[in-house]
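Please look through the model shown here before reading my comments.

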Amino acid sequence: LPGTGYRRDMPDQPETTMPPLFTWDFAADPYPAYAWLREHAPVHRTTLPSGVEAWLVTRYADARQALADGRLSKNPLHHSGQAHRTGRVGIPGERQADLMTHLLNIDPPDHTRLRRLVSKAFTPRRVAEFEPRVQQLTDRLIDSFAARGSADLIHEFAFPLPIYAICDLLGVPSEDQDDFRDWAGMMIRHGGGPRGGVARAVKRMRGYLLELIHRKRADLGDDLISGLIRASDHGEHLTENEAAAMAFILLFAGFETTVNLIGNGMYALLRNPGQRTLLQESLGRGEQGLLATGVEELLRYDGPVELATWRFATAPVRIGAADIPVGDPVLVVLAAADRDPDRFAEENTLDLARQDNPHLGFGHGIHYCIGAPLARLEGQRALATLLTRLPDLQLAAEPEELRWRGGLIMRGLRELPVSFTP
Ligand code: HEM
């Protein structure tokens, strides 16, 4: 895949040797390779396409333990290699700006303080009150292609929905939201590739956010940015830079993930017609239960985040049978852990009604996804509305023709062509 460092596929290998990682076939379906790793090399040191060496953790129990281990730092300065200085770790172009100091790059006590402040503004109640607006955005996007009988669900639906939703929630005026759409498009297209454009997009976004925060401070409203400015804890507030970094990480962490939840989720439903019919029938009866467990199952079965973000050992850490030396990067493979047969019965089966489902799709421990309520809301409204308004929606390409993005952390489709009766 151009720009990703992925290799073309290797010839078939016997089952006893490790299947190749980071090839085209792997990007399309990494699950067989992860099953092999879980079985034969559950904590495995490998060289990533970028050339950086890192440990992959693939078993559920090990993954949960690693995600909660305070000796694994999120601060890239703990990496013994040069990767963070050469820009191969973290968000390209971000380092020159204070946006770097966001939740996913810091440890306690700073993390505790910032997370507590943002939690006061980004509450489940704020998200629940946002539901009518998410429904309106969802319907408006479907209106834009419903008469045509065909669409690319990634570009025309999954991509714009979360960006408009988070802009609305933050309080970005509607006339500026298309700028955000362009910047976000730049980041998703070039996330693992050319750096110049991304650096420029991040810089513009930072300038815009700082100015917006400045304006809001003079005229507080009931949007999330005003909430971030207002939030205080024991007399402490977010500085303008901290508020900008927080708005940025909310956008950045909440964007491509949600695109992939809608894209991977719809794709899984289209490939599993029996499950899709059950869901459509249950929605037809006005029930929400299967939709709720179904979105959790889609997060487990083919979740948006393939690998959790970087962690670095600040002390020697034993995970499973492996001794991780100080300074080594650890990548927890959520996609592998969530199909561990030691934790999930029928691990490769999509079962929307699955009850016992403590998946790691939103992470675990102190960095557990703060946007989970919003992600669930958007995922549920998006999938339910598509299935209800376009009941005969079907895939308009062979599965082998679909292209997957080759980035390291995320797992998602580049396009999802569908057709339906207008
Ligand atoms: C953290 C997944 C949507 C904001 C995380 C983590 C995961 C995750 C796995 C932990 C990463 C780690 O520990 O390395 C997802 C998925 C989503 C989603 C699968 C969609 C389906 C969102 C949304 C927002 C958001 C909509 C905000 C609007 C964040 C933030 C963090 C985070 C700020 C960092 C929390 C911290 O470090 O304390 N997310 N996320 N996410 N997520 Fe999400």
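1. Asp152 stands opposite Pro417 in strand E12. Strand E4 and strand E12 (residues 417-419) run antiparallel and are joined by three bridges; two strands count as paired if DSSP finds at least two bridges between them. Helices (H or I, at least four residues) and strands (E, at least two) are DSSP runs, numbered from the N terminus. This is a predicted model, in which local features need pLDDT of at least 70 and side-chain atom pairs count only at pLDDT 80 or more, while totals for chains, interfaces and linings use all residues. Residues are numbered from 1 along each chain as its sequence is written, and side-chain values use heavy atoms, with hydrogens and water left out.

2. Thr47 stands opposite Glu53 in E2. The hairpin of E1 and E2 has five residues between the strands, and Gly51 there takes a positive phi near 95 degrees.

3. Helix H2 (residues 31-40) has the buried residues Tyr31, Ala33, Tyr34, Trp36, Leu37 and Arg38. Buried means under 20% relative accessible area, exposed over 50%, and partly exposed in between (1.4 Å probe, protein chains only). The cover over the buried residues of H2 includes helix H1 (24-28), E1, E2, helix H15 (289-302) and H16. Tyr34 also forms one aromatic cluster with Phe22 and Phe26.

4. How many aromatic pairs does the structure hold? There are 13 aromatic pairs. Rings of Phe, Tyr and Trp (its six-membered ring) pair if their centres lie within 6.5 Å; planes under 30 degrees apart count as stacked, over 60 as edge-to-face and the rest as tilted. Phe180 and Trp183 form an edge-to-face pair, with 5.1 Å centre to centre and 65 degrees between the planes. These two residues are three apart in helix H10 (residues 177-190), so about one helical turn separates Phe180 from Trp183. Phe180 is buried at 0% relative accessibility, and Trp183 is buried at 11%.

5. Two arginines sit over rings. A charge counts as over a ring if NZ of Lys or CZ of Arg is within 6 Å of the ring centre and within 35 degrees of the ring normal. Arg300 lies over the face of Phe344, 5.3 Å from the ring centre. The charged end of Arg339 is over the ring of Tyr301, at 4.4 Å from its centre.

6. Asn357 is in the loop between H16 and H17 and is buried, with a relative accessible area of 13%. Leaving out residues up to four places away in sequence, Asn357 touches Glu296, Glu297, Arg300 and Phe344; contact means heavy atoms within 4.5 Å.

7. Cys369 lies in the loop between helix H16 (334-337) and helix H17 (372-389). Its SG is the only protein donor of the iron atom of the ligand, at 2.3 Å. Donors are N, O and S atoms within 2.8 Å of the metal (3.2 Å for Na, K and Ca); water is not among the atoms, so sites may look incomplete.

8. A disulfide is a pair of cysteine sulfur atoms within 2.5 Å, and by this rule the count is zero. Cys167 is in no disulfide; the nearest cysteine sulfur, that of Cys369, is 17 Å away. Is Cys167 buried or exposed? Cys167 is buried, at 0% relative accessible area, whereas Cys369 is partly exposed at 28%.

9. Two loop residues remain. Ser174, in the loop between helix H9 (160-170) and H10, is exposed at 56% relative accessibility. Ser174 and Tyr164 are ten residues apart in sequence and 8.5 Å apart in space, C-alpha to C-alpha. Ala321, in the loop between strand E8 (317-319) and strand E9 (322-324), is exposed at 70%. Its C-alpha atom is separated by 46 Å from that of Ala396, 75 residues away along the chain.
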